[in-house]
Structure formats: C-alpha cells, structure tokens
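Hi,

Here is the structure I promised to pass on. Have a look at it first, and my notes on what turned up follow below.

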Amino acid sequence: MIVVLKQNAQQESVKELLEWIEEQNIKINVIRGDQKTVLALVGDTARVDTDQIYSRGCVESISRIQEPYKEANRKFHPDDTIIKVGTEQIGGGTLKVVAGPCSVESEEQVTEIAKLVKASGATFLRGGAFKPRTSPYAFQGLHATGLTYLKKAREVTGLPIVSEIMSIDHLDLFSDVDVIQVGARNMQNFELLKELGHCDKPILLKRGLANTIEEFLMSAEYVMAGGNRNVILCERGVRTFETMTRNTLDLSAVPLLKHLTHLPVMVDPSHATGIPYLVEPLSLAAVACGADAIMIEVHNDPKHALCDGAQALTPDQFDHTMKAIRRQAAFQNLVL
Ligand code: PEP
Ligand code: MN
C-alpha cells in the first residue's frame, strides 16, 4: 500500500500516523522526495482501514498495490479450487449444469422437473424454497415444506440439490441441502456471509445486481475468512441502462474471475437475460469463456409457474440446450 502525504502535513500528525501504522504490524518505508513524502507499507495491509489513515488529515492519497482479498486470491492459492459435493465436483476441468425451477411449487412439480432435467444431463437440481421477491404480495416460496419436496426429488433422481438461504435463522433447515445459494440481493448481507463461513457446506454466491468484481470477491472473502473455503461464484447479470434484457450478462467477469481467483465460476443466463431464447447462446458463450458450471431455470409448465415463468426453458428447450452445451464441452475437452 502506498500512502502519499500532503505537502503541508504537520509533523505531529505524521508521527501519530506512523506510530498507528506500526502498531498494526506493518513495516513502513519512508521515501522523501523534493515535493512529496511517500510511505510504502509492507505487510498484511488487507486489514488496514484506509478511512482511518485518511482521517489523520495529513494524507493526500492512498493506493493499494495488493488486492484486499487474500483467501480468494489466486496469487496466494495458484491451484484451482475443486469443490466436492457428494460424488460430484465443481471446478477442475469439469462442466456442471444446475437446472430446475425458480421455485419449488409442489412435490410433483419439482420431482417431475428433476427427472426430466436429469434425463437431459443436468448434474444438480435447483429450486427455491425461500424466494426474494420484489413485491411482498408475490409468492414467497414454500419455505421448509419446499425444502422437503426438493429433498424428495433428490431421493428419486439422486441429483444433489441447490437452494437459496435468506436468513441466518433458517440455517438449520439447510443442514441437508447440498449447496447453499446466497442470492444476488444478499451478496452483501455480511452477517449471513460470516455465519456461512462457519459451516462446511459449499456456498453458491451470486453477484449482486450492481456490484463490482472486487466487491463480489470481498463477499467471497467474508465466507472464506470464517474458514469455509467452498465458495462457487455465480455471474448472473448486472443492472445496466438496457431494458430489453432483465440484466446484462457480464461475460468478461468469467475469465476475469478465473484470473483473479482460484474459485470455480458459474454463469446463470436465465436471470441474466430473462428471455428463454437467449439462454442457449449465452450458455455456450459462458462455457467458451471458461465457466465451470451453468445454471438454467427449467419449468414443466412455464405459463403457470409461480415465479420467473417467463424466463424458464421448457424441458424440451432444455434438452436442446444441453445437447448444444455437450458439443461445446467436447470441443473444449471438458468432462460433462
Ligand atoms: C434465483 O436463483 O432464483 C434467484 C433469485 O437469483 P438471483 O439472486 O440471481 O436473482
Ligand atoms: Mn428465478
């Protein structure tokens, strides 16, 4: 970290700053130029609060040389993280497809969809039991009952299950869920992230609607700093000025994240676009960009779906998309 001091900095204030920095176990190299004095800080600067440095009043600017995330940083962990989920894995040269309805609506609905997506080659079943809806009057999910139905569908198909948690208070209900999803709206729910850092479940962390890549990685860091290193990152589109698609899929995030972090990266073209016919081309593009997994919403009766029916693929459309994904995976020598 580089700290540039103001030209007219008071000696007393600089002395206090130097003492405060040294108290954090950071080494300081002082570089005195003709015009400016620069402090080069060496050590675990990820923990240094830059606001506290600014508040001394003698500081003109601060730049971080090193990223503020350590556990998620590829520089410190060069090998790809492979996340084990039962007999399945995410990351490490494989391609996985998570498919299922936006929401679990009934035991029959989720089991039927589970069988169909499995037959087409999906490797994980998704289904929301706690739904973060914009309107408080919209269907909120079946809660604990929804998770029970999802587990029944797992029993029938053998597909590991992925479901979204919205509150720390529900953690016990998720003890038998294979992958816990943190939705876009909760990406910066730091208390939730900290709590998930203390469990050993794989966490599927979705990028916030308007969050930068660095903020996304810092949220992963929250989970990892608590000891849980099983984090999967999911790019699901961000808000832009465009209104024709639900969000704008940031595909550059995929190779960028693969460069910056060792964590596996998933892409969700369903929430990114909100349009079924865009799901297949963007799934292929995501695989070409290096995604480790794809998440696709599938419904056996989209017209009557209780949530996100407009973006859901029918089982037939999903089957078509899976065939295309399979060809793309084979082209890239990925094990699907
Ligand atoms: C979902 O996966 O159903 C969901 C609500 O996604 P997101 O958090 O990305 O909007
Ligand atoms: Mn949805």
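Cysteine 58 sits in the loop between helix 2 (50–54) and strand 4 (59–63); helices here are DSSP runs of H or I with at least four residues, strands are runs of E with at least two, and both are numbered from the N terminus. Cysteine 58 counts as buried, at 1% relative accessibility. For that label I used under 20% relative accessible area, with over 50% for exposed and partly exposed in between (1.4 Å probe, protein chains only). Leaving aside neighbours within four places in sequence, cysteine 58 is in contact with Leu5, Lys6, Ala9, Ser13, Val14 and Leu17, where contact means heavy atoms within 4.5 Å. Isoleucine 31 is 27 residues away from cysteine 58 in sequence and 15 Å away in space, C-alpha to C-alpha.

Before you go further, some ground rules. This is a predicted model, so local features need pLDDT of at least 70 and side-chain atom pairs count only at pLDDT 80 or more, while totals for chains, interfaces and linings use all residues. Residues are numbered from 1 along each chain as its sequence is written, chains are lettered from A and ligands numbered from 1 in the order in which they are written, and side-chain values use heavy atoms, with hydrogens and water left out.

Now the overall picture. The protein chain has ten helices and 14 strands, and its C-alpha trace spans about 75 × 45 × 40 Å along the principal axes. Of the 336 residues, 52% are buried. Among contacts with a separation of 6 or more, 67% are between residues 24 or more positions apart. The accessible surface of the chain is about 15500 Å², and 51% of that belongs to carbon and sulfur atoms; areas come from the Shrake-Rupley method with a 1.4 Å probe, and for residues only the protein chains shown count as cover.

On to the inside. In soluble globular proteins, nonpolar side chains tend to be buried together. The largest nonpolar core here has 61 residues, and Leu205, Leu233 and Phe318 have the most contacts inside it. By nonpolar core I mean a set of buried Ala, Val, Leu, Ile, Met, Phe, Trp, Tyr and Cys residues joined through side-chain atoms within 4.5 Å. Helix 6 (residues 213–225) gives the most to this core, with six residues. A second, separate core has 16 residues, including Val14, Trp20, Ile21 and Leu39.

Beyond four places in sequence, leucine 205 touches a set of residues that includes Val182, Met187, Phe216, Ser219 and Leu233. Serine 219 belongs to helix 6 and is buried, with a relative accessible area of 0%. Apart from neighbours within four places, serine 219 is in contact with Met187, Gln188, Phe190, Leu193 and Leu205.

An oxygen atom of ligand 1 is 2.9 Å from an N or O atom in the side chain of lysine 131. For glutamine 181, a polar side-chain atom lies 2.9 Å from an oxygen atom of the ligand, and for alanine 184 a polar backbone atom is 2.7 Å from one. The protein covers 97% of the 300 Å² of accessible area that ligand 1 has on its own.

Helix 9 (residues 276–288) has Val279, Glu280, Ser283, Ala286 and Val287 as its buried residues. These pack against helix 7 (253–260), strand 13 (265–267), helix 8 (269–273), strand 14 (293–297) and helix 10. Tyrosine 277 is also in helix 9, but is exposed, with a relative accessible area of 65%. Just after the helix, glycine 290 takes a positive phi of about 110°.

Histidine 143, in helix 4 (residues 143–157), has a positive phi near 55° and is partly exposed at 35%. Asparagine 333, in the segment after helix 10 (315–331), also has a positive phi near 55° and is exposed at 69%.

Cheers

How values were computed. A polar contact is a pair of N or O atoms within 3.5 Å; within protein, one must be able to donate a hydrogen and the other to accept it, and residues adjacent in sequence count only if both atoms are side-chain atoms.
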